[in-house]
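Hi,

Here is the structure I promised to pass on. Have a look at it first, and then read my notes below.

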Amino acid sequence: PLLASAHESGCIRLWSIQGNLMKELWPFSEHPSGPLTALCTDIFAKILLTGSKNGHIICWNIASFLEDSQNKKNKVKEELCWRAHATEVVDSFIEEEKNVVVTASIDGSVRLWHATTGYYFGYFGQARKFELSDTNRLILPSDVNDFPAVIKAESKHTEKKKVQYPLILDRDK
């Protein structure tokens, strides 16, 4: 068993049932996720989804880490990031049978996405039927203009260094 907590800093912490911190995760994608507002896993707890105040969804693969968390080679890998809503994500869940992610936002919209690619299928209340088999159409909701980003590099969060540039008069220059 494992507990996950999402934080305003964008950090995800994985905890043991005894309350010991096992891992801290930081998003690696080019778009900062902002404060995290939603967290869910698939039924087998192999995939972890986070939703943010900025409307982003980040998909993490935690399967190998859960198999043996003591082994340093078993890492949590950020796999996919996409902008799902223009406003805060309040809930999400994964439907494994259809390989679909459902997201909800404070704007009142509920949207469907392909779980492994982040492709947009549509929203609840639309006139047309959902076409879940066609993942080649690169369509986006009207309020989102960023396509999903597949994360291929090893994710290592780097802290931004605070650099001071004092104004010094150098008469020689």
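Before going on, some housekeeping. This is a predicted model, where local features need pLDDT of at least 70 and side-chain atom pairs count only at pLDDT 80 or more, while totals for chains, interfaces and linings use all residues. Residues are numbered from 1 along each chain as its sequence is written, and side-chain values use heavy atoms, with hydrogens and water left out.

Now back to that pair. Strands (DSSP runs of E, at least two residues, numbered from the N terminus) count as paired if DSSP finds at least two bridges between them. β1 and β2 (residues 12-16) run antiparallel and are joined by five bridges. They belong to an open sheet of three strands, in the order β1-β2-β3, with antiparallel pairing. β1 (2-6) and β3 (21-25) are its edge strands, each pairing on one side only. On average, neighbouring strands here are turned by 20 degrees against each other, direction ignored (axes are lines fitted to C-alpha atoms, and angles run from 0 to 180 degrees between N-to-C directions).

There is also an open sheet of four strands, ordered β8-β9-β10-β11 and paired antiparallel. β8 (89-95) and β11 (120-123) stand at the edges with a single partner strand each, so one side of each has no neighbour in the sheet. Between β10 (residues 110-114) and β11 there are three bridges, in the antiparallel sense. Leu112, for instance, has Gly122 in β11 as its bridge partner.

Cheers
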